[in-house]
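Thank you all for coming; please take a moment to look at the sequence and the model, and then I will walk you through a few of the features.

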Amino acid sequence: MSSSEKMKAGIQKLWAVCVNPGYFFKSLFSKERGKQFIKTHLFNPDQSTQIKAFSIGFGVFMGIIPIWGFQLIIAFSLAILLKLNKALVLLATHISFAPLIPAVIFLSYKAGGYWMGEKNVDIPFNGNISLKSISLHLEQYLYGSISLAIVAGVITGLIAFALLKLVGRKIAMAT
């Protein structure tokens, strides 16, 4: 294709985007591009199984750790520093998406009860929530969320490692 034909095709695409913005989004999220993204980022053949599993475990850890609002930014920054699979880290960080937040908070609170010992307090479900009751429960929640983040990250990383090794063997046997 000559440079004038490439330019003409580029102008046609630009015109199509201006007239029909849906074309732009369809071209971004086509099946071919989606498959290519998954191959290059999620299942990067240049990265070891250990890095991929550690990326998933680290993402789960960062998704549970109580740094609300900064989880993705910090997870992405640390993934760059630690040379992890950034796509897997960001995907796993989303463990704290809306439907799972109540479960994560509850499990964090219950795990914190172990660290509180005699100061362990049950959650009152009577609707009388005050700043004092929140401050009483916050310490237990923080201890528990850090504990839960560590345990969930390690377990998820180990499971991911086992599954990635299993899938790797099946692919190797098929070829």
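This is a predicted model: local features need pLDDT of at least 70, side-chain atom pairs count only at pLDDT 80 or more; totals for chains, interfaces and linings use all residues.

Let me begin with a question: what percentage of the 175 residues in the protein chain is made up of buried residues? Buried residues make up 26% of them, where buried means under 20% relative accessible area, exposed means over 50%, and partly exposed lies in between, with a 1.4 Å probe and protein chains only.

Residues are numbered from 1 along each chain as its sequence is written, and side-chain values use heavy atoms, with hydrogens and water left out.

As for the overall layout, the protein chain has 8 helices and 0 strands, where helices are DSSP runs of H or I with at least four residues, strands are runs of E with at least two, and both are numbered from the N terminus. If we count contacts, meaning heavy atoms within 4.5 Å, then among those with a separation of 6 or more in the protein chain, 67% come from residues 24 or more positions apart.

Now to the aromatic rings, where a search of the whole structure finds 4 pairs; rings of Phe, Tyr and Trp (its six-membered ring) pair if their centres lie within 6.5 Å, and planes under 30 degrees apart count as stacked, over 60 as edge-to-face and the rest as tilted. Why is the pair of W68 and Y141 called stacked? The centres of these two rings are 6.0 Å apart and their planes are at 15°, so the pair is stacked. This pair links distant parts of the chain, since W68 sits in the loop between α4 (49–64) and α5 (71–81), whereas Y141 belongs to helix α8 (residues 131–174), 73 residues apart. W68 is exposed, with a relative accessible area of 53%, but Y141 is buried, at 12%. Elsewhere, ring pairs link F54, F58 and F61 into a cluster.

Finally, let us turn to K86, which is found in helix α6 (residues 86–93) and is partly exposed, with a relative accessible area of 35%. Not counting residues up to four places away in sequence, K86 touches F76, A79 and I80. K86 and G59 are 27 residues apart in sequence, and their C-alpha atoms are 9.2 Å apart in space.
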